[in-house]
Amino acid sequence: MTSSSGPHFLQIPGPSPVPERILRAISRQVIDHRGPDFARLGQEVLEGCKAVFKTSGPVIIYPSSGTGAWEAAIVNTLSPGDRVLMAETGHFATLWRQMAARWGVEVDFIPGDWRHGADPAAIEAKLAEDRGHAVKAVMVVHNETSTGATSRIAEIRRAIDAAGHPALFLVDTISSLASVDYRHEEWRADVTVSGSQKGLMLPPGLGFTAISDKAIAASKASRMPRSYWDWAEMLKPNAGGFFPYTPATNLLYGLREALAMLQEEGLDAVFARHRRLAAATRAAVRAWGLEVLCLEPAEYSPVLTAVLLPPGHDADRFRKLVLDSFNMSLGSGLGRLAGKVFRIGHLGACNELVLMGALTGVEMGLAAAGVPHRAGGVAAAMAALNSQAGAPDGTPIAAASGSGEVG
Ligand SMILES: *Cc1c(COP(=O)(O)O)cnc(C)c1O
């Protein structure tokens, strides 16, 4: 049985499916990146991004994947030999740590079990011990895409403050921005790193760093060699809407459209939709009798759900069967989770019926692969969605005023 007709279900936690509106916006002739039309586009997206990061400061846009923006955060703010504090939340935190180490940064990596977010109390304790303020930065992955655990960034900010520590705060929001509430300025992040292909609903190819005044000051003191990633080189032309080298013009057309879509739906409604879809997914997993990888309910990711298969059942074999049978891509287990978990992405342009299609494919796949489970996950997810549906504020239909139409 194969179903290669009809849409492919791209249910990995990034890249996420690109809405038709954005595809059409991108499908336009390229323009002169030194001309007046470009300046208007550049100014519009550089300014428009700020609302999504919740900052009034600059957002730098690179023609890069998120990994490039990771590197930009490191090489602009740190110096070889600097000490930083990181938390082992999963595969992406481990990769960012490895990158910092390659740049000669000494990383104190707080161990983790890949089933929780970063622990604010552990960060506070480490910083309180550091009376000489040798630690130059705290670096945290907001949404750990390999595990489906979302770290509590506001609490980590409070932990840094409680320790009275002046470290910079660098946050990876590559898979959380525009899907999970995030406040660069209010939480006094110094560098917020992101990428285009997850919550922003764009194809891969843009990397972002939102930067604070403190981060800019640190960049002036930093002794890290850099050229392509240098913020100073970007900030000068960005003031007029231009870039120091050829920008990813067509992706910027797409970004303009994505920002408009987010504004039309409203960021709070976007976040609520992600939480609703995630809760329905977990209801399905529980009904199947399987285990959600994330152990802390306060850290359940609105973006993706990682599901543990029972011992002896290979998650990659299961994913292959789902792809071959139902034309759906599920996320693989990364790093030490390889073969043990599969990940269901429910981010970006996802909605109720797409999610229900995806969960149906998972339930049929579990049966076809002979994975021990109970039927009824799909029904449980529908019930969860119905109980949360209704007015945009989440009021159940029965309690909402008026006709009960879904807002
Ligand atoms: C996807 C992702 C990355 C890597 O981004 P690329 O665009 O693949 O370079 C880093 N961190 C997190 C949390 C991610 O989800």
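**Exercise 1.** What percentage of the 407 residues of the chain count as buried?

*Solution.* The model is a predicted one. A residue counts as buried when its relative accessible area is under 20%. By that criterion, 55% of the 407 residues are buried. The accessible surface of the chain is about 16,400 Å², and carbon and sulfur atoms account for 55% of this area.

**Exercise 2.** Determine whether the radius of gyration of the chain agrees with that of a compact globule.

*Solution.* Along the principal axes, the C-alpha atoms fill a box of roughly 60 × 55 × 45 Å. The secondary structure comprises 13 helices and 14 strands. Of the contacts between residues at least 6 apart in sequence, 73% join residues at least 24 apart.

**Exercise 3.** Describe the shell around the ligand, then its polar contacts.

*Solution.* Begin with the composition: 13 residues surround the ligand, the closest being Ser 65, Thr 67, Thr 145, Asp 172 and Lys 198. By class, the shell holds four nonpolar, seven polar and two charged residues. Helix α3, residues 66-77, contributes the most, with three residues.

Next, consider distances. A polar side-chain atom of Thr 145 is 2.4 Å from a ligand oxygen atom. For Gln 197, a side-chain N or O atom lies 2.7 Å from an oxygen atom of the ligand. A side-chain N or O atom of Lys 198 is likewise 2.7 Å from a ligand oxygen atom. Finally, the ligand taken alone exposes 380 Å², of which the protein buries 88%.

Definitions and conventions:
Residues are numbered from 1 along each chain as its sequence is written. This is a predicted model: local features need pLDDT of at least 70, side-chain atom pairs count only at pLDDT 80 or more; totals for chains, interfaces and linings use all residues. Side-chain values use heavy atoms; hydrogens and water are left out. A residue is near a molecule or strand if one of its heavy atoms lies within 4 Å of it. A polar contact is a pair of N or O atoms within 3.5 Å; within protein, one must be able to donate a hydrogen and the other to accept it, and residues adjacent in sequence count only if both atoms are side-chain atoms. Accessible areas come from the Shrake-Rupley method with a 1.4 Å probe; for residues, only the protein chains shown count as cover. Helices (H or I, at least four residues) and strands (E, at least two) are DSSP runs, numbered from the N terminus. Ala, Val, Leu, Ile, Met, Phe, Trp, Tyr, Cys and Pro count as nonpolar, Asp, Glu, Lys and Arg as charged, and the others, Gly among them, as polar. The radius of gyration is taken over C-alpha atoms; the globule rule is 2.2 Å times the number of residues to the power 0.38. Buried means under 20% relative accessible area, exposed over 50%, partly exposed in between (1.4 Å probe, protein chains only). Contact means heavy atoms within 4.5 Å.
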